[in-house]
Structures are given as structure tokens and as C-alpha cells.
Amino acid sequence: MTSEERFLSYIDKRYFKVDSEGRIWRLARKGRAGSNKWHKLSEPVRAESPGGQGLYLRVSFVVKGTQHSVAAHRIVFAILLNKCVLPPLDQLVNHENGNKTDNHPTNLTLVTPQGNVEHARYVLKVGPWDAKRREVLIG
């Protein structure tokens, strides 16, 4: 089972939830190290935090003592736009407005890797072909 599949199972068990705005909330937390028992939180807590790869929001959780992390935008897409089915691995979830922390469902689309590059280049006008960025990269 992949980390993403495990995380979807935790949503089914109501340990986490995705709201209509695309935010992920932690509803329960595991007990002490080595414990498999989950404890309901008195108040939901935002589960996402900025992670690697350009500061996409990620959600971390522990399974049998091992830390796992999933991309929040892929989870939001699966839950709100794809009937709880993860996107295929050969497709990417694209942020239409270019803001990697904006996981609102109206901002997420499924694209091919080539479509993602074209969106960055022609719509967002960013990338290694960008003159300002080229100056920084080349020196």
C-alpha cells in the first residue's frame, strides 16, 4: 500500500478530512510511540505544512513508527474531484494559478507532464526559459 493509499484509508476512518475549500484537517492523533490507538482531538487542526519540492503543502503521518508524507494537492484532487480515486502516476495535479499552496478544487486540474510544462511556460510564463530566471541560473 502506498503512502497516498494509506492516507485515503485514514480519511475513510475519519482520522483526517478534506473540506470543500481544499484544506486538510487532522481529526485524531496516534498515541505514544509504538501505540496503534488513535485519539480524537477536541478541535480539528490543519494538517498541511510546507514541504520540499517548491513548497507544495504536504501532510505527514506515522505508520508503524515510520514517517510518511503525501502531497496535499493530490489528496484534495482525489477526494473532491476524482471520487476518492488517486490520479494516475503518469498524470500530474496542476495548480492553475501557479500558487502551490492554493489547493482549492477550482484551482486543481489533471494534466500530462508535457501539459504541466506548457501551462508553466505559456500561461504562468515561468521556467528555465524565463529571461530573468536564466540570468540567475547562468550568472
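Me: Which strands does helix α3 (residues 72–81) lie across, and at what angle does it run to β6?

Reply: α3 lies across β4, β5 and β6, and runs at about 65° to β6. Angles here run from 0 to 180 degrees between N-to-C directions, and axes are lines fitted to C-alpha atoms, for helices over the stretch in contact. The model is predicted: local features need pLDDT of at least 70, side-chain atom pairs count only at pLDDT 80 or more, and totals for chains, interfaces and linings use all residues. Residues are numbered from 1 along each chain as its sequence is written, and side-chain values use heavy atoms, with hydrogens and water left out.

Me: What makes a stretch a helix or a strand, and how many of each are there?

Reply: Both are DSSP runs, numbered from the N terminus: helices are H or I with at least four residues, strands are E with at least two. By that rule the protein has five helices and eight strands. From the N terminus on, the order is α-β-β-β-β-α-β-β-α-β-β-α-α.

Me: How do you know that β5 and β6 are paired?

Reply: Two strands pair if DSSP finds at least two bridges between them. Six bridges join β5 (residues 57–63) to β6 (residues 66–71), so the pair passes. The two strands run antiparallel. V63 stands opposite T66 in β6. Two residues lie between the strands of this hairpin, and K64 takes a positive phi near 50° there.

Me: What joins β4 to β5?

Reply: Three bridges do, and these strands run antiparallel as well. E48 stands opposite V59 in β5.

Me: Why are β4 and β6 called edge strands?

Reply: Look at the open sheet of three strands, in the order β4-β5-β6, with antiparallel pairing. β4 (48–50) and β6 each have a single partner strand, so one side of each is left without a neighbour in the sheet. Neighbouring strands of this sheet are turned by 45° against each other on average, direction ignored. Helix α1 (residues 3–12) packs on the sheet, touching β5 and β6, and its direction makes about 80° with that of β5.

Me: Why is the arrangement of α1 and α3 called oblique?

Reply: Their axes come within 11 Å and cross at roughly 55°. Under 35 degrees counts as roughly parallel, over 145 as roughly antiparallel, 65 to 115 as roughly perpendicular, and the rest as oblique. The crossing angle falls in the rest, so α1 and α3 are oblique to each other.

Me: What makes the contact between them?

Reply: E4, F7, L8 and I11 of α1 meet R74, I75 and I79 of α3. Contact means heavy atoms within 4.5 Å.

Me: Which residues of α1 are buried?

Reply: E4, F7, L8, S9, Y10 and I11 are. Buried means under 20% relative accessible area, exposed over 50%, and partly exposed in between (1.4 Å probe, protein chains only). The buried residues of α1 pack against β1 (16–18), β2 (24–30), β3 (38–46), β5, β6 and α3. In the whole protein, buried residues make up 34% of the 139 residues.
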